[in-house]
Amino acid sequence: MFGYGRNNFTWNGTLRELKSSYPASCAERSRPIMTATASSSGLEVLLSTLQNAGDIESTLNILSVLDELLSAGTDRRIHYMISKGGSEALLTALVNTGRSFSPNFTLLLPLLHLLAKVGHRDRHIGLKAEEADAVLLTLNLLKQNSKHARRAAACLWVIQVFCSSVSTANLIGENRGLDAIYRLISPYTTKHLHTIKAAIDALAALLCTKANLCSAVSKGYISGLLRLYEDWHSKDIEHVAIGIRQALLRCLHQATHSTAGRQAFASQGGIRLLYQTTQTCLLTKGLESLVEPSVQLMRKCHPKTPLPLVSDRSVYSFPLPGRPDTNPDVDVGPDESCEESDDEEDEENQEADSKDKDYDDDLETDLNKLRRRPDPDRPKELLAQYSRLCPELTHDFQELGSGSEPEESSSSSSSSSSSSDEEALFLNSSPLHQPRRTRKRSNSRTDSSASSPGSPPEPQFSTGGCTQAAGQLEARDFHSHSNVLSSSPSFRTKGRQARGETTPGEKEELQDDEEEEEGEEAHHRTMVDRLLERHGACIPHHKPKLYRAAAAQTKSIPGFSILAFPDFWGHLPPPGHEPMVPRKPKVQRQKVFEDVQRFLNPDDIMNQVVFDLEDTSPQCLSDRPDSLRFFSKFECGNLRKAIQVRRYEYDLILNADANCSQHTQWFYFEVSNMVANVPYRFNIINCEKTNSQFNYGMQPVLYSVREALEGRPHWVRTGTEICYFRNHFCPARGRKRATFYTLTFTVTFKHNEDVCYLAYHYPYTYSALQAHLQVLQHLVDPAKVFFHQQALCTTLAGNVCPLVTITACPASRGWRDMHQLRNRPCIVLTGRVHPGESNASWVMKGTLEFLCSDDPVAQSLREAFIFKIIPMLNPDGVINGTHRCDLNGEDLNRQWCKPDPVLSPTIYHTKGFLYYLNSIGRTPQVFCDYHGHSRKKNVFLYGCSVKETLWQSGTAVDTVGLKEDPGYRTIPKTLDRIAPAFSFNSCNYLVEKSRSATARVVVWREMGVLRSYTMESTYNGCDQGIYKGLQTGTRELEEMGVKFCHSLLSVGRDVTALYSRKLINHIDLDHNVLDHKSHNCFEDDEPPCVEEIEYSTDGCPPLNGTELDSDVNGNTSSAEEEEEEDEGHKGANHSRGSICQSRPSSMKSRLFPHLIGQGSIETLNMKRKTCNGVSITNGQYLN
Ligand SMILES: [Zn+2]
């Protein structure tokens, strides 16, 4: 039986027996919702009784039992109680007790405490409280008892939990709740700390609504809270009330969730106050917990600053055919960029919350869309034009029969009848064979506008135009740093050395050159050429002069006339590996402090523009002897503006993608006039991605001209103090919600007055590709390798998009050999659709060189396949230094469903060519589009699988009957074995709706290519395999391109034949590769960054349940209500334990006054020890 008395608590049965203890009263008086039926559990009986019991003692008993039950277990018990109407029961009891004229606080206190604990875990407590009329009742109890610290605290906790509902919080606000609570937050004291903290927490909770926020700001609470924080900070010298200070920061964080709040914070000196208090906190042990919320508040309330630009629009604009030349800034409304709406953070939070959900929603679950091919996007008649792109099928290989010279066979393939005009022009004007005289003619020209901005693109090359451009380019090479080169003594010396030492063979050419040494430019060019002869490294597959000639034909929007030195000179991977750099602890905090100092002491900031892509007036470029000089007007260059902010610190602004105002990420610029051994801080302040591998060990790359001339032509990873975080800048105009991130890094240059280049990743220009293809064309053995370069089409700006065919020449012109050739399956490879993904080009370079090589595997692959390679799908984007888009401002890899023939010609024709292959029964066996991935490590593939997509989405579609060829996994499995940078576990084969217009999905679905992939290569490095912990270099990227070729052996039709040649030994190919499980990983798979990148979402964690429990439990002193007078001191003493450190609560009940005998509690404890626990689901002990 269940008996309960002051000193003899016994419980010798199960909770179930409670039913028989109180059956009558339940049946009579309970509300319908809480009716304890014959089948209800012990808990329900308790709850039912709680609402109906009249006498204080039995109610206290029930509260005690409930508290014990709930304290003993996990939150699951509380949630169970909530599901059984626990909250309603407590609210009813509260209303019943609190309504009386003179409420009995002996009963109310434990009731309120329990309600706080339970309500904190009940998401609907606010609405339930409103329904029960408990909200204003509690508020009135608070107002009437504001002098009674313990009572007030209990009411405050309950009010705090009620505020989980917006309408409840507003209800309290409308009834002067804010004032009542705010008044309870006193300046520094040692008394009633629990009550003060409860008031601060309740106020913070109330500020979750717009109306309350608005009201708090207009009443000047923010200023008040700041003064309170200052007071507690300065007087709490023993640091016993850190909890109060934390709560004040949390409350301020809540109060600054609106623009007005942030403005009030900043204008009331909040940033200065927090900066100063934080500096003292940093010096004091144990105050660390105050630093992070303070830093977050400073970042958040730092006034938004528009980027110092006239327009966010790219400096480079290009008139699109068929579209009016709009000035896009005109249609944007008045400048409201800084006027964020009050619910900005709310929305951001929602976005963050819904991220996971969105992902599964994005999976394509419509079986029809997954399986059925849509109709072709164009009439069949349009496909015939692509027959010219299969020269190997019509080529007669006459030279094989006639035994002619290899040279001739090469030229024969070049001048194949199917070649386009562009191609013929390109090859005829091959820079290798161009007479020097022709180029000299135009040296005197200084007008650089080969294609001036705004002029319509030339549809085709004209030979004369090319030559002129070549002349200009040569003459003006390195103009940007000619001062440095000629003024630097060591450069002069090298120039003289170069001029003085000539070999007999070069004599004629040099004499030729000397004739033109008239103007400075000519002199300069010669000097550079001589430096090249003297100091140029032997870089495989790179010829600087060939590069220069190729660049002369490249058409850019601004009409580039200057080459970046590294692209011209070439580079080799540095010897040895470059490990990822461990993040310096608290580096971001340090950088934020430096940024906050700018705000606090604006007079210390120089704010001197030292480079502006739009303003080329001399004073902008090189007037200041003490400043670094910047330059970016060259192919792939991207830097829009450089602003010196401190002596050794520069803010850099990147140029948006051409014809649009976003997608900043890629950078590549020249920097000179440096002082050696001085750390320079660079801040790229308009990055857009929400996170970056720069937070996970990646460094930018640097190329030093001086080092190159001294025989070390390397791009090296460089930079210290690197981090990436959200800053306070906003767009110059328009784009209301846009936020920016800062990439900051510090570079210490090795040499004085060097010329260096900094880039996001190893640059690879369009001209480099053109020159590289020329080199390969001349390198391959034409008797063995059919290497044929054609123009797929011209781009919007009039550049050629090359398509390369590589296969093996037939052994003879006999029918058998020709038949074998013409029946080889196709493999189509594409790359660099995203211009900022230069890593993709390095992988492609590895692929191309390998396929042209003498390697026996390459020979076998050529014999087994015809390779159709489009190495650069977005030449215009690459040339103009964009990150993501083409000149039409669109992401070309989202255009595949219905590409526009005029605006997306490369995609339109690539797709047309694939349709053509399809139509002649030559559907590619493999399609792979090479990309770079900025947020992940390793190299991996995305493929397409119906079954895996359906499984992952959890759809009800029955997949049992679905047949799917698992062959899409062969290549990734093979790569996992043979390619060190490759990670099978990062691959996946899911088809998402948001990617339905990508190459991979369209080629898979519309062309029926089973093995259709996106290959993603990291910008950073690997976290597995032999490269684990190392940053990737061009060597590793090129190796990946080779390994990809190796993996193609696994899909060859004649695999057995290949095996018989023992090629297996070459590549360690094994068909019994382990089966891996792919998983879902399109999102960032890095752990959260050690320092918060954002500042408006999770900067200040909300109060958690444990902390509230701990506070509530701390409120129960052994003192009787009558001893309230003394309670202050006791509370203060006690608070040293519970306010200072929010340790996990033991949940040990200290709720109940002496009325409940200690004996009964002990008995209950004893019971608990002898049993494994009480199952509150059925009231039974578990044994
Ligand atoms: Zn990409």
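**Figure 1. Strands β18 and β20 side by side in a predicted model.** Strand β18 (residues 800-808) and strand β20 (residues 866-870) run antiparallel and are joined by three bridges, where two strands count as paired if DSSP finds at least two bridges between them. Within this pair, T805 stands opposite K868 of β20. Helices (H or I, at least four residues) and strands (E, at least two) are DSSP runs numbered from the N terminus. This is a predicted model, in which local features need a pLDDT of at least 70 and side-chain atom pairs count only at pLDDT 80 or more, while totals for chains, interfaces and linings use all residues. Residues are numbered from 1 along each chain as its sequence is written, and side-chain values use heavy atoms, with hydrogens and water left out.

Figure 2. Seven strands, in the order β17-β18-β20-β19-β21-β23-β22, form an open sheet with mixed pairing. At the edges stand β17 (785-794) and β22 (939-942), each with a single partner strand, so one side of each is left without a neighbour in the sheet. Neighbouring strands of this sheet are turned by 20 degrees against each other on average, direction ignored. Helix α42 (residues 905-919) packs on the sheet and touches β17, β18, β19, β20 and β21, its direction making about 130 degrees with that of β17. Helix α44 (residues 970-978) lies across β21, β22 and β23 (1011-1018), and runs at about 35 degrees to β23. Contact means heavy atoms within 4.5 Å; axes are lines fitted to C-alpha atoms, for helices over the stretch in contact, and angles run from 0 to 180 degrees between N-to-C directions.

Figure 3. H834 lies in the loop between β19 (826-831) and α39 (838-851) and H931 in strand β21 (residues 926-933), so the pair ties together parts that are 97 residues apart in sequence. H834 is buried, at a relative accessible area of 2%, and H931 is buried at 2% relative accessibility; buried means under 20% relative accessible area, exposed over 50%, and partly exposed in between (1.4 Å probe, protein chains only).

Figure 4. In helix α11 (residues 166-174), the residues T168, A169, N170, I172 and G173 are buried. Their cover includes α8 (125-131), α9 (135-144), α10 (149-162), α12 (177-182), α13 (193-206) and α14 (210-218). Just after α11, R176 takes a positive phi of about 60 degrees.

**Figure 5. Two loop residues with positive phi.** H239, in the loop between α15 (221-235) and α16 (242-255), has a phi near 55 degrees and is partly exposed, with a relative accessible area of 24%. N673, in the loop between β9 (668-672) and β10 (679-687), has a phi near 65 degrees and is buried, with a relative accessible area of 13%.
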